[in-house]
Amino acid sequence: MVHLNANEVRQLLHNKFVVVMGDSVQRAVYKDLVLLLQKDCLLSTSQLKAKGEMSFEHDVLLEGGRLGPMHNGTHYREVRQFCSAHHLVRFYFLTRAYSPYVEKVLAQLLWAEHRPDVVVMNSCLWDVSRYGRDSMGSYRKNVERLFWRLHRVLPESCLLVWNTAMPVAKTVSGAFLPPEHRLRRARLRADVVEANFYSASEARRHGFGVLDLHFHFRHSSPDRQPDGIHWNARAHPKLTQLLLTHLADA
């Protein structure tokens with residue numbers, strides 16, 4: 001795998017507006033990009049775990065996070081942005097592939113002064129674990145709506161990369177699944193595989209790029225955190241380099 005340094009990342013994303021949307025894994029992608037646009041450095045464990053902070057490496061918290069109540073519910077919001085003379089990177093925290101909030105975000109991107117050049121996105125784990133018994137059926141419908149809207153909202157020149165969800169452990173613990181949702185623990189691993197297959201197929205059907213992180217990290221369980229969901233500081237640089245290589249080859 002090619003390893004791009006900070007100078008090469010700055011050249012690759014020169015005068016580009018990059019939008020990253022998704023859960024905490026995608027937030028780490030955003031943070032990694034922000035860091036690499038400034039220096040050759042890896043995210044620390046504390047930076048990976050942090051959420052909603054007022055500033056990270058000279059970025060700005062625009063909405064949600066510590067500007068409002070901090071919680072682990074499906075209505076949690078966090079919008080961050082890093083801006084330099086030649087780079088603009090923004091992050092939106094999502095808990096569902098398509099919703100009124102996602103439609104609001106798409107409207108912002110449609111009517112903004114600067115249209116996105118690159119969109120990196122995933123939504124899966126929250127979708128299939130937090131929205132009731134028919135969460136998988138709802139996920140399929142929402143993915144279809146999402147890609148239909150993205151196809152109409154994004155400029156033709158925009159490169160969209162759909163990241164598949166990374167593998168989860170057989171046993172999931174921690175605060176990710178509240179007590180009322182923990183009956184889904186036994187199915188979550190299989191649900192992620194099914195959801196990835198469907199979302200990747202839909203993305204390709206609409207002509208969007210797919211980065212199969214589930215495949216790339218299928219043998220990387222030692223780098224998964226004890227909660228069975230999140231990943232450590234060794235895994236995330238690999239993830240970011242896979243993404244950058246995908247962008248460079250597109």
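In which helix is Ser199 found? Ser199 sits in helix 7, which covers residues 185-205; helices here are DSSP runs of H or I with at least four residues, strands are DSSP runs of E with at least two, and both are numbered from the N terminus. The model is a predicted one, in which local features need pLDDT of at least 70 and side-chain atom pairs count only at pLDDT 80 or more, while totals for chains, interfaces and linings use all residues. Residues are numbered from 1 along each chain as its sequence is written, and side-chain values use heavy atoms, with hydrogens and water left out.

At 0% relative accessibility, Ser199 counts as buried; the word buried stands for under 20% relative accessible area, exposed for over 50%, and partly exposed for values in between, using a 1.4 Å probe and protein chains only. Setting aside residues up to four places away in sequence, Ser199 touches Tyr139, Val143, Phe147 and Trp162, where a contact means heavy atoms within 4.5 Å. Ser199 also pairs up with Glu144 across the chain: 55 residues separate them in sequence, yet their C-alpha atoms are 8.2 Å apart in space.

Along the principal axes, the C-alpha atoms fill a box of roughly 50 × 40 × 40 Å. Of the 250 residues, 55% count as buried. Among contacts with a separation of 6 or more, 69% come from residues 24 or more positions apart.

The chain carries 33 positive and 24 negative charges, whose mean positions are 6 Å apart. Lys and Arg count as positive and Asp and Glu as negative, while His and the chain ends are not counted. Each charge is placed at NZ of Lys, CZ of Arg, CG of Asp or CD of Glu.

Leu211 belongs to strand 7, residues 209-211, and at 6% relative accessibility it counts as buried. Beyond its neighbours within four places in sequence, Leu211 is in contact with several residues, including Val161, Trp162, Asn163 and Thr164, as well as His216, Leu242, Leu243 and His246. Val120 lies 91 residues from Leu211 in sequence and 9.6 Å from it in space, C-alpha to C-alpha.

The cysteines come next. A disulfide is a covalent bond between the sulfur atoms of two cysteines. The structure holds zero disulfides, with a pair of cysteine sulfur atoms within 2.5 Å as the criterion. Cys41 is partly exposed at a relative accessible area of 35%, whereas Cys124 is buried at 2%. Cys158 also counts as buried, with 12% relative accessibility, and is placed in the loop between helix 6 (135-153) and strand 6 (159-163). Leaving out residues up to four places away in sequence, Cys158 touches Pro116, Asp117, Val118 and Val119. Cys158 and Ala248 are 90 residues apart in sequence and 14 Å apart from C-alpha to C-alpha.

Finally, some loops deserve a visit. Glu57 lies between helix 3 (45-49) and strand 2 (60-64), and its phi is near 45°, a positive value in a residue other than glycine. His58 lies in the loop between helix 3 and strand 2 and has a positive phi of about 75°, although it is not a glycine. Glu57 is partly exposed at 22% relative accessibility, while His58 is exposed at 62%. Tyr131 is located in the loop between helix 5 (125-130) and helix 6, and at 22% relative accessibility Tyr131 counts as partly exposed. Its contacts, not counting residues up to four places away in sequence, are Thr74, Thr95, Arg96 and Trp126. Tyr131 and Thr74 are 57 residues apart in sequence, with 8.9 Å between their C-alpha atoms.
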